[in-house]
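Biologist: Could you walk me through this model, one feature at a time? I am new to reading structures.

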Amino acid sequence: MASPATVIGFLLIMVINTVVAAVAIRFFRLRLSTQWGAVLYTAVFIPLIYVVTTILLSGFIGFGGSGVQDRGTALILVWVVPFTLAVSLDIFWMPAPDEIDLPDQAS
């Protein structure tokens with residue numbers, strides 16, 4: 001049985017990964033001109049970002065604990081669940097990129 005600290009650590013990693021993925025996916029959808037560009041960048045860069053956040057949070061900071069018995073379940077909890085939640089948030093809850101007015105130039 002997992003300790004409460006391990007469960008809280010995994011939940012914290014899941015929340016941080018979800019927020020990071022949702023922001024990155026939204027950025028890609030708004031800034032890239034093609035739909036496939038956003039899909040490609042999401043498929044390539046979100047896992048790279050997850051590697052960094054997971055190593056940082058579970059390795060250096062120590063969230064999630066070291067008592068994980070099944071690495072497959074841990075991978076699903078900290079990568080697959082946040083990714084699918086972030087994609088669904090962007091697709092179903094946020095307005096379409098065509099409905100967003102962006103400034104012509106950055107100041």
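Modeller: Let us begin with the largest pocket, whose volume is about 450 Å³. This is a predicted model, where local features need pLDDT of at least 70, side-chain atom pairs count only at pLDDT 80 or more, and totals for chains, interfaces and linings use all residues. Residues are numbered from 1 along each chain as its sequence is written, and side-chain values use heavy atoms, with hydrogens and water left out.

Biologist: Which helices each supply at least two residues of the lining of the largest pocket?

Modeller: The lining has 20 residues, and Arg29, Gln35, Ala38, Val39 and Pro97 lie nearest the centre. Helices here are DSSP runs (H or I, at least four residues), numbered from the N terminus. Those that each give at least two lining residues are α1 (4–31), α2 (35–61) and α3.

Biologist: Is the pair of Tyr50 and Trp79 stacked, edge-to-face or tilted?

Modeller: Rings of Phe, Tyr and Trp (its six-membered ring) pair if their centres lie within 6.5 Å; planes under 30 degrees apart are stacked, over 60 edge-to-face, and the rest tilted. The structure holds five aromatic pairs. For Tyr50 and Trp79, the centres are 5.8 Å apart and the planes are at 50°, so the pair is tilted.

Biologist: How many residues apart in sequence are the parts that Asp90 and Arg26 tie together?

Modeller: A salt bridge needs a side-chain nitrogen of Lys or Arg within 4 Å of a carboxyl oxygen of Asp or Glu. The side chains of Asp90 and Arg26 form one, at 3.1 Å from N to O. Asp90 is in helix α3 and Arg26 in helix α1, so the parts they tie together are separated in sequence by 64 residues.

Biologist: Where is Ile91 placed?

Modeller: Ile91 belongs to the residues 71–93, and these form helix α3.

Note on methods:
1 Å grid on protein atoms, 1.4 Å probe; cavity = no way out; pocket = protein on both sides within 12 Å on 5 of 7 lines; lining within 4 Å. Points joined across faces, edges and corners; volume = space filled by probe spheres on them.
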